[in-house]
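Here is a briefing for a reader who is meeting this structure for the first time. Take a look at the sequence and the model, then read on.

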Amino acid sequence: MLEEANKLNLPVTFRAAGTSLSGQAVSDSILILTSKYWTNSEVLENGNRIKLQPGVIGARANIMLKPYGRKIGPDPASINSAMIGGIAANNASGMCCGTAQNSYKTLESLKIIFYDGFLLDTSNSESIEKFKIHHAVIYNEVVQIIKETQDNQKLVERIHHKYKMKNTTGYSLNALVDYTNPIDVITHLMIGSEGTLGMIAEITYNTVIEHAFKASALMIFENIEMACNVVSILKSAPVAAVELMDRASLRSVEEMEGVPNYLSTLSQGASAVLVETVAANNEELTAQIVEIEKAINHIKPELPFKFTDDASLYNQYWKIRKGLFPTIGAIRKIGTTVIIEDIAFPVPRLAEGTLDLQDLFKKYNYDKAVIFGHALDGNLHFVFTQDFGAASEIKRYEDFMEELAILVVDKYDGALKSEHGTGRNMAPFVEKEWGAEAYILMKRIKQIFDPKGIINPGVIINDDKKAHLKNLKPLPKADDQIDKCIECGFCEANCVSYDLGFSPRQRIVLHREMSRLDALGLSKEARELEKSFEYGFDSMCATDGLCMLACPVKINTGDYVKRVRARKHSGNKIAKMIVNNFSLTIKGVRVGLTLSHVFANIIGHKAYNKVVGTATSILGQKMEWTKYTPKAAQVKIQKQTGLKPNALKVVYFSSCINRMMGASNSYGDEDTVFNKTLNILNKANCEIIYPEDRENLCCGLAFKSQGFAESANIASDKLFQSLLKASNNGEYPILCDMSPCSLQMRESMEDSSLKLYDITNFTTEFLLDRLEFVPVDKEVAVYSVCSLKKMGIEEDLYSIAKLCSTQVYTPSTNCCGFAGNKGFNFPELNEHGLRTLDEQIPESVTDGYSTSRTCEIGLSKNSKVDFKPIVNLIDLATKPKIN
Ligand SMILES: Cc1cc2nc3c(=O)[nH]c(=O)nc-3n(C[C@H](O)[C@H](O)[C@H](O)COP(=O)(O)OP(=O)(O)OC[C@H]3O[C@@H](n4cnc5c(N)ncnc54)[C@H](O)[C@@H]3O)c2cc1C
C-alpha cells in the first residue's frame with residue numbers, strides 16, 4: 001500500500017486504536033489501519049523481552065507478561081485500548097513509567113517500513129546492510145545530521161535541557177545526542193514520530209518488573225504550594241507514581257459514587273497528592289513507606305493520611321484520579337468538546353506554574369477547568385470544555401492557546417506536549433517551544449524520511465500557524481443516550497463487531513452525522529446514509545453492552561442500538577401476539593426442532609442447512625442450521641421426595657431458551673439444562689418452587705434485543721408478578737439458569753425486593769455447603785459469556801469450574817457474537833468474535849462449559865471443543881453432602 005501511495009503521491013496516515021488526543025491519527029486521504037492484521041506477539045527470554053506487532057493492545061502484552069512478573073514500560077491510562085503502534089509512535093507514557101520506562105528508553109529493536117515500502121529490521125545485520133545500499137541517501141543524511149548536531153554544543157545543551165522534562169513536542173531529537181550509530185538514531189527517531197516518518201511494523205521491548213506489592217496514600221494539603229513542595233521532595237523518595245490534583249479536580253468528583261465523603265468538606269484551596277510505592281516484598285514495602293513518610297513529615301497535611309494496600313481503599317483513591325477526565329466529559333454541555341491538554345513545567349516551579357495556569361483559566365472564563373497530572377515529571381493535564389460552534393468561542397480558544405504557549409514556553413521553558421504527542425493541535429507551536437535551529441533540524445528529518453511529504457502530512461511539522469483551529473470536529477446533538485460520547489475509541493477494544501461491522505464509536509459518529517444532516521433539512525440524505533450502513537450499524541451489533549465497561553462516560557451503545565430498533569418496530573403486532581401466547585411459541589419451536597432433527601438426520605446436516613438457508617431467505621431472513629443446533633428440550637417436572645429438614649426454598653425460573661432448546665447431538669445422552677438443574681437442586685436438598693404460569697414466562701430479552709420494547713415490558717412485568725408471588729414477596733432466592741436472562745432480570749427488576757441469582761452465583765452462595773464436590777479428572781475449558789462479565793460474577797464461574805475439574809482453562813474474548821439469534825442469522829459475527837478462541841485452549845481439551853445455551857452452540861461450532869451448559873459439569877462433579 002505504501003509503495004502504491006508513494007507512486008501515486010497520495011497521503012497516508014497510520015492508525016492503531018485511534019485514541020490519540022492531538023489529532024494525529026485522522027486523514028482525509030488513505031488511512032492505513034495497523035491493527036487488524038498486525039497482532040502477532042512473542043514473549044522472549046522468560047518475559048525479559050517481548051516482540052509485538054503494532055496491532056497488539058498494550059494491556060494484552062501485559063497479560064502475556066504477567067506470569068513472568070513483567071510488563072511493558074509505557075503505561076498510558078489508555079492502555080486497555082491503545083495499541084503498540086500508537087503507544088510507540090506517540091511515545092506514550094503514564095503514571096508510573098515517567099521518562100525512564102517509556103518506549104524510547106525500553107526499546108530494543110524495530111521493524112520499520114519506509115515511504116517506498118522498504119522494510120528495515122534493525123535487529124538484523126543483513127537487513128541493515130541492504131538498507132545502507134537501498135537507502136544510501138537516508139543513511140548518509142542521518143550520518144550527517146548526527147555529526148552536525150553533536151558538533152553544535154548549544155543545540156546539544158538545548159536538547160538535553162528539553163528532555164530533563166517529559167516531552168513529546170516535535171521529533172525525539174534526543175536520539176541525535178544519545179546515540180552515534182545511525183541505525184540506533186533512526187530506531188529512536190521513530191519513537192514519538194507519530195507516524196510521520198514511516199510505519200512501525202514490529203517492536204521488541206525490554207520489559208520491566210511488575211511489582212507484586214503496592215501501597216497508596218491520598219495526601220491532602222491546604223494549598224497547591226504545599227502539595228507541590230511534597231512532590232519535589234518525593235522526587236528522590238522510593239515512589240512509583242505521584243499524582244497531583246487541584247481543588248477543582250477534587251470538586252468535580254465529590255459526587256461520584258465510592259469516593260471518600262471528606263472530599264466535599266475540604267478547604268478552599270486544598271490540593272491532593274496521590275502517592276504509590278511498589279516493592280518486591282512486604283518488608284521492602286513497609287521500609288519504603290517509612291522512608292516516604294519521614295521525608296515529608298515536616299509538611300503538615302490538612303487531614304491525616306495513611307498508606308494502604310487494602311484493595312477497596314486503594315481502589316477508592318485511584319477512582320478519584322481516574323474519574324477526573326470522564327467526569328468532565330460526562331457533565332459537559334451537549335455540543336461542546338472536551339479538551340485535554342498536556343503540558344510540563346520544571347518540577348521546582350510546578351506550584352508557580354499551576355497557579356499561573358489557574359489564573360489563565362479565570363482570565364478566559366474556563367470555570368470548570370480541572371488540573372491534575374503526573375507531578376513527578378512536572379507533567380500536568382488540564383481538562384476543560386469548549387464550544388467550537390461559534391466564531392467567538394473559537395476565538396476564545398485561539399487566544400487561550402496563544403497565551404498558554406507564552407506562559408509555558410516563555411516563562412517556564414516547559415513542554416507543550418508532555419506525553420500525548422504533538423499531533424495537529426500543537427504543531428503550530430513546535431518552533432516556538434524548541435527555537436528556530438531545532439525546528440529546522442526537525443523539518444530536515446521529515447524531509448529525509450518523507451521526501452514527498454505524504455506520510456501523515458500536517459502532523460508535528462505544519463507551516464500553518466492556525467492549523468489547530470481548522471477542521472474542528474462538530475459534535476451535533478443526536479440523542480441523550482449518546483450525546484456524551486467524546487469519541488475516544490476506548491469502546492472499540494471491547495466490541496465484538498469491531499473490524500467486521502461498525503464499532504460503537506463508528507455507530508455514534510454515523511448517528512451524529514445523520515442528525516447533522518437532519519438539522520440541515522437533508523433528511524433524505526440522512527435516511528440514505530442510515531440504509532447504506534444498516535449492516536455495520538445494526539446487523540453486526542451484538543447489543544451485549546460490553547462497550548459500556550470500557551467507556552469513560554459509560555455509554556451503552558448496545559442499548560442505543562436496541563432503542564433504534566425499537567423505534568422501527570414500535571407496536572409490532574406479531575411480537576405482541578407471541579408474548580401473549582408464549583407457551584404456544586415454545587411448543588411450536590420444540591416441534592420445529594424435533595422435525596428438523598428428523599430431516600437433518602436423514603439428509604445430513606450440511607444438506608439440511610441448504611434447505612433451511614433457501615427457505616428462510618425466501619421468508620426474508622436467512623438462517624443457518626448446524627450439527628450443533630440443539631434438539632427440542634425435554635422438560636420433566638419431578639415430584640420432590642425425601643427433602644430433609646434444613647431444605648432451602650428456592651424459586652427456579654428456567655429461561656425460555658432452556659425450555660425450548662435441549663442437548664446437541666454431540667452431547668450423547670446428556671440431559672437438558674432444566675433436568676440437570678433439578679438433579680443438582682435435589683442433591684443439595686433444595687425445595688423447588690416453580691413460578692405460576694411457568695410455560696408462559698419469559699424475561700423479555702428475546703423481544704428487547706430485537707427492538708420489541710413493548711412486548712419485552714409485557715413479558716418482564718408478567719415474570720416479575722409471578723416471581724414476586726412464588727418467592728413470597730422476595731423471601732426466597734430466585735434462580736435463573738441462563739446468564740443473559742439473569743442479567744436482563746437484574747436490569748428490569750433492579751429496584752425490586754427480589755433476590756435474583758444466576759446459576760453461577762447461586763452455586764457459590766448456596767450450594768458449596770450443600771453439595772460435596774468431587775473434581776472430575778479431565779481438562780476443561782470454561783467460557784464466561786458477556787452477561788457474566790457485565791454482572792461482575794465471572795469469578796464465580798471459574799471458581800465453580802475449579803471445584804468440578806482437575807484442570808480448568810479460561811479462554812476469553814469479547815462477546816462471543818452469538819447474541820441470541822445473530823448466530824443463526826449472521827454467523828459471521830459469531831465466527832469473528834471467536835476467531836482467537838482455539839489458540840487459547842490446549843489441543844488436549846475436548847470439553848468446554850458455559851452458561852448460555854445459545855452461546856454454547858456458537859462456541860462449539862467455532863472451536864475444536866464441545867461446549868455444554870455448566871450445570872452438566874456441576875451435576876457430574878457433585879454428590880449430596882452427608883452430614
Ligand atoms: C481517555 C484517554 C486517556 C489517555 N491517557 C493517556 C496517557 O495517560 N498517556 C499518554 O501518553 N496518552 C494517553 N492518551 C492518548 C493515547 O491514548 C495514547 O497516546 C496512545 O498511545 C495512542 O495509541 P493508539 O493505538 O490509539 O494510536 P493511534 O491514535 O491510532 O495513533 C497514534 C499515532 O501513532 C501513529 N501510528 C499508529 N500506528 C502506527 C504504526 N504502526 N507505525 C507508525 N505510526 C503509527 C498514528 O499515525 C498516530 O500519529 C489518552 C487518550 C484518551 C482518550
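Predicted model: local features only at pLDDT ≥ 70, side-chain atom pairs only at ≥ 80, totals over all residues.

Residues are numbered from 1 along each chain as its sequence is written, and side-chain values use heavy atoms, with hydrogens and water left out.

**Salt bridges**

- The structure holds 54 salt bridges.
- Side chains of opposite charge can pair when their charged atoms come close.
- Helices (H or I, at least four residues) and strands (E, at least two) are DSSP runs, numbered from the N terminus.
- Both K166 and E419 are buried. Buried means under 20% relative accessible area, exposed means over 50%, and partly exposed lies in between (1.4 Å probe, protein chains only).
- E695 and R659 also meet in a salt bridge, at 3.5 Å from N to O. E695 lies in the loop between β17 (686–689) and α28 (701–705) and R659 in helix α26 (residues 656–660), so the bridge ties together parts 36 residues apart in sequence. E695 and R659 are both buried.
- D847 and K778 pair at 3.1 Å, N to O, in a salt bridge. D847 is in strand β23 (residues 847–850) and K778 in strand β21 (residues 776–782), 69 residues apart. D847 is buried, with a relative accessible area of 14%. K778 counts as partly exposed, at 22%.

**Helix α6**

- Helix α6 (residues 136–151) has 16 residues. At 1.5 Å a residue it should span 22 Å, and its end C-alpha atoms are 22 Å apart, which agrees. The expected span is 1.5 Å times one less than the number of residues.
- Its buried residues are I138, Y139, V142, I145, I146 and T149. Seen down the axis of α6, these fall within an arc of 130 degrees, so they line one face of the helix. The arc is that of the directions from the helix axis to the C-beta atoms.
- The face of α6 turned away from the buried side carries the exposed residues V137, K147 and D151.
- The buried residues of α6 pack against α5 (125–134), α7, α8, α9 (182–190) and α17 (436–449). Contact means heavy atoms within 4.5 Å.

**Residue D499**

- D499 lies in the loop between α17 and α18 (504–519). D499 is buried, with a relative accessible area of 18%.
- Leaving aside neighbours within four places in sequence, D499 is in contact with K36 and H832.

**The ligand**

- The ligand is surrounded by 35 residues (a heavy atom within 4 Å). The closest are F14, T19, S20, S78 and S93.
- A polar backbone atom of F14 is 2.5 Å from an oxygen atom of the ligand.
- A polar side-chain atom of T19 lies 2.5 Å from an oxygen atom of the ligand.

Conventions
Salt bridge = Lys/Arg side-chain N within 4 Å of Asp/Glu carboxyl O. Polar contact = N/O pair within 3.5 Å; in protein donor to acceptor, adjacent residues only side chain to side chain.
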